[in-house]
Amino acid sequence: MAGSMASLPLRSIRHQHTLRQGFTFHRQSVFQRRPFTSSSSQSASPRSPLRTASYTVLFAVSAGLFAAYYLDARSAIHRYVLTPVLRYTFDAETGHKIAVKVLRSGLAPRDIVKDDDILRSEILGFDVSNPVGLAAGFDKDGEAIDGLFNLGFSWVEIGSVTPKPQSGNPRPRVFHLPTDSALINRYGFPSQGAAAVVSRLRARIPTFYDANETSTSALRSGAVLAINLGKNKTSPADSSEDFVSGVNAFGPYADVLVVNVSSPNTPGLRGLQNRELLEGLLKDVVGARNALEPSPVTSRRPRLVLKIAPDLEESQLAEMAEVIRNSNIDGVIVSNTTIARPSSLTDQNKAETGGLSGKPVKPCTLRALKTLRAHLPASIPIIGCGGISSGADALEYGRAGASFVQLYTEFGYDGVGTCRRIKDELVSLLKREGKTWGDVVNESVARLSWKEPNPPLPAPVREGKATVGKLIEEAEVLQSLLNELGEKMSGSAEP
């Protein structure tokens, strides 16, 4: 027992000695391996810069290819990935604002393809490279004008812009109807006001700019800039003052000014489509336009276009056409959003209050277009807007008498490549028929437009007929007198 107790410390000492030896051996092994590891890394170092350079080149090439792919508006990623992600990640208004900011940044995609000459057309005296424009409502405050032109539109219409800033209607005020390819909005003209937009328009003009007879406010060839004029919610409903103010403010900076009397989201605005108020309004805005000095940008005054609703009855459209014929308005846009709700709508948002746009509006708009075309002379062009989502739709509008078309809702659903896709489809259809866009428009407008009735026969002709009749009557009387005279003479000659 005593020996056993004495042996314990000895074992412990031996065990500790063994551990030290193992630790010492381990340290020596590590230290011995270190030169080998260091030598290996040194021997590999000459290959490291080459590998790094290869990775850098590969990354740069990949980034360049992706950038080229991203910056091409035709790329499928925009239609099938980025646009749906934006639509389903954010509410409709937030997604709208993000899209405007991206287009404003200069980092947005572009339409890099030159327009086919078959699409060249003329609208309101302007030569444009294609007949596809962007309607008002997308860029309300003129923030992304050049980004939108870069997507291939030949007509970019900003606004509606009101004289004074206003916030519009309460949110939420925009609703997607994806199952119907439609949109309902009740924005109510949210606007930063005329002063803010004029400031942006001035900033676009180069310091040294030489205006000539082919210049447009788009500041590029084959395109025009339009500004949609809105009315402040607090202004008197029957007053034209806001529109006259808009003409004076934006006349120097626009190719076209659009008088918008058709939004359903501003109380009393559509009442200006009634004959008496419309006559006064058009007289006032035409007078204001004619009083402007020629633009320092374009050396001419802007064209004036009236934008109407699709919800008017045929008799109302005929009456409106008569007012337009007797004014100096240059053209008409048919049409704005509708307050109707077609029975075909299935989306859960269909009951929301506001103006409906998108594919379901097309039949209504075409009906209004055809009616108005039949009551307007060929000298007054009509711009079709409502439910256009393909080249076939654009061609249908052209055959119905529209000289030009505009997009809005389809652009929001389909993304930045929408304009190019529709133009390509339209080119294919026109080539199949062996016609140009101008051929289609000229034929339909000549066939469908209102024509001055044949004037009645001039007054001198009617008077001449009466004179001839009178002469015949007098001749007959004279003949009777001569006969009587002859009888008397023959009687007196007898023995």
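1. Helix 11 and helix 13 are oblique to each other. In this predicted model, the axes of helix 11 (residues 391-399) and helix 13 (residues 418-433) come within 7 Å and cross at roughly 60°. The crossing in which helix 11 passes helix 13 is right-handed.

2. An open sheet is built from 3 strands in the order 5-6-11, and the pairing is antiparallel. Strand 5 and strand 11 (355-358) are the edge strands; each has a single partner strand, so one side of each lacks a neighbour in the sheet. From one strand to the next, the twist averages 20°.

3. Within this sheet, strand 6 (residues 182-185) is joined to strand 11 by 4 bridges in the antiparallel sense. Alanine 182 has glycine 358 of strand 11 opposite it. In general, the strands of a sheet are paired through backbone hydrogen bonds, which may run parallel or antiparallel.

4. The largest pocket holds about 610 Å³ of space. Its lining comprises 28 residues, and those closest to the pocket centre are Thr83, Leu86, Gly95, Ala99 and Gly412. Helix 3 (76-89), helix 4 (92-105), strand 5 (174-177) and helix 12 (409-414) are the elements that give two or more residues to this lining. Helix 4 gives the most, with 7 residues. By class, the pocket lining has 18 nonpolar, 8 polar and 2 charged residues.

5. The largest cavity has a volume of about 450 Å³. It is lined by 36 residues, and Ala136, Asn185, Asn336, Thr337 and Tyr408 lie nearest its centre.

6. Which elements each supply at least two residues of the lining of the largest cavity? They are strand 4 (155-161), strand 11, strand 13 (404-407) and helix 12. Strand 11, an edge strand of the sheet described above, gives the most to this lining, with 3 residues. The lining of the largest cavity divides into 12 nonpolar, 20 polar and 4 charged residues.

7. The second largest cavity contains about 50 Å³ of space. Leu201, Arg204, Ile205, Ser217, Leu219, Leu225, Tyr253 and Val297 line this cavity. Its lining residues are divided into 6 nonpolar, 1 polar and 1 charged.

Technical notes
Residues are numbered from 1 along each chain as its sequence is written. This is a predicted model: local features need pLDDT of at least 70, side-chain atom pairs count only at pLDDT 80 or more; totals for chains, interfaces and linings use all residues. Side-chain values use heavy atoms; hydrogens and water are left out. On a 1 Å grid over the protein atoms alone, a cavity is a set of points where a 1.4 Å probe fits but cannot get out, and a pocket is an open set with protein on both sides within 12 Å along at least five of seven lines; lining residues have an atom within 4 Å of a point. Grid points are joined across faces, edges and corners, and a volume is the space filled by probe spheres set on the points. Ala, Val, Leu, Ile, Met, Phe, Trp, Tyr, Cys and Pro count as nonpolar, Asp, Glu, Lys and Arg as charged, and the others, Gly among them, as polar. Two strands pair if DSSP finds at least two bridges between them. Axes are lines fitted to C-alpha atoms, for helices over the stretch in contact, and angles run from 0 to 180 degrees between N-to-C directions. Angles under 35 degrees count as roughly parallel, over 145 as roughly antiparallel, 65 to 115 as roughly perpendicular and the rest as oblique. A crossing is left-handed if the near helix is turned anticlockwise from the far one by less than a right angle, and right-handed if clockwise.
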